[in-house]
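Subject: Structure handover

Hello,

Here is the structure I promised to pass on. Please have a look at it first, then read my notes below.

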Amino acid sequence: MKKFMIGAVAAAVVATSGLAAEYTLKFSHVVSANTPKGKAADFFEKRLEELSGGKIDVQVYPSSQLYNDNAVVKALRLNSVQMAAPSFSKFGKIVPNLALFDLPFLFKDIDHLHRVQDGPVGEKLKDMVTAKGIVALDFWDNGFKQFSSSKKALIEPADAEGQKFRIMSSKVLEAQMKAVGGNPQMMPFSEVYSGLQQGVIDAAENPISNIYTKKFHEVQTDLTISDHGYLGYLVVMSKKFWKSLPADLQANVKQAMKEATAKEREFAKALEVEQFNEIKKYAEETGKLKIHTLTAEQKDAWRKAVSKIYPEFYDDKLIGKDLIEGAINTK
């Protein structure tokens with residue numbers, strides 16, 4: 001009798017836990033669980049399950065276990081997966097306006113950037129994505145980009161003259177380098193290390209996380225902390241899944257995402273500091289790398305040199321004058 005009662009209670013617990021989760025949310029991303037994006041995704045999982053009282057079962061799949069960023073947008077539209085956090089470049093064909101974040105020296109600092117993302121400009125960009133059939137939730141940080149070179153330290157705009165720069169496929173980045181006399185070279189990310197090592201390219205632009213994890217600092221002689229451009233992610237959700245949620249659970253998703261975004265920004269900043277310290281340690285111990293930090297005056301000189309490309313992207317089919325000026329005027 002006692003064994004029967006224990007078994008019945010256990011069965012009831014299993015049944016109750018099974019019934020409690022009314023929705024399953026699969027969150028697919030491409031990085032490892034110990035990255036800022038990975039840790040924020042795990043935080044979101046725990047927080048949404050808590051806020052929803054277990055009604056939403058969040059399942060996080062890191063390291064491209066389900067989809068890579070090139071395939072995940074289609075999967076979201078089919079509701080094969082419910083959430084993802086691709087880099088901005090993956091939305092280029094459907095919302096090219098996200099190239100706003102590629103514009104060089106547009107943002108004064110990280111706080112200004114976040115005010116833009118959290119304000120009217122960010123909302124308009126998210127609305128543009130949502131209008132294409134995917135619900136845009138929030139922006140997550142990768143980090144600001146820094147210049148590196150083995151030909152000549154990039155301190156003044158004239159230092160870029162004639163240097164072969166590796167860039168991602170982007171009209172904005174191509175115009176950026178041409179504006180200062182550089183020679184933009186589109187190259188897959190997987191080939192950048194060997195390209196720098198062999199001198200196929202002279203220079204590059206990357207956030208600290210890419211520089212450190214891919215050891216680019218070991219095949220460059222100069223690193224310039226320029227904070228000239230930004231790389232980030234847009235957290236998106238399947239519209240079909242979003243519409244299936246009642247208003248109270250939609251509110252839970254928004255709240256969990258707001259908290260996860262704050263955490264992701266903290267994680268990203270902490271990791272950047274940690275990795276930059278390792279790069280500085282390498283520079284001090286080997287003497288093979290010189291690190292330069294642009295002064296306010298030097299940044300202004302760069303801004304003046306490259307901001308002349310902004311009008312090239314005033315067309316709404318590219319970025320849009322209202323978005324560019326809105327970002328500049330965000331206080």
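Let me start with one residue. Glu272 is partly exposed, at 22% relative accessible area. (Buried means under 20% relative accessible area, exposed over 50%, and partly exposed in between, with a 1.4 Å probe and protein chains only.) Its partner is Lys269, and the two form a salt bridge with the closest N and O atoms 3.4 Å apart. (A salt bridge is a side-chain nitrogen of Lys or Arg within 4 Å of a carboxyl oxygen of Asp or Glu.) Lys269 is partly exposed too, at 48%. Both residues lie in helix α10 (residues 247–286), three residues apart, about one turn of the helix.

Before you go on, a word on the source. This is a predicted model: local features need pLDDT of at least 70, side-chain atom pairs count only at pLDDT 80 or more, and totals for chains, interfaces and linings use all residues. Residues are numbered from 1 along each chain as its sequence is written, and side-chain values use heavy atoms, with hydrogens and water left out.

Now the overall picture. The chain has twelve helices and nine strands. (These are DSSP runs numbered from the N terminus: helices are H or I with at least four residues, strands are E with at least two.) The C-alpha trace spans about 85 × 45 × 35 Å along its principal axes. Of the 331 residues, 50% are buried.

Next, the other salt bridges. The structure holds eleven. One of them joins Lys145 and Glu205, at 3.0 Å between the closest N and O atoms. This pair links distant parts of the chain: Lys145 sits in strand β4 and Glu205 in strand β7 (residues 203–207), 60 residues apart. Lys145 is buried, at 1% relative accessibility. Glu205 is buried as well, at 5%.

Glu174 and Lys178 also meet in a salt bridge, at 3.3 Å from N to O. They are four residues apart in helix α6, so about one helical turn separates them. Glu174 is partly exposed, at 26%, and Lys178 is exposed, at 52%.

The largest nonpolar core has 38 residues; Leu98, Leu100 and Leu103 have the most contacts inside it. (A nonpolar core is a set of buried Ala, Val, Leu, Ile, Met, Phe, Trp, Tyr and Cys residues joined through side-chain atoms within 4.5 Å; contact means heavy atoms within 4.5 Å.) Another core, of 26 residues, lies apart from it and includes Tyr23 and Leu245.

Best wishes
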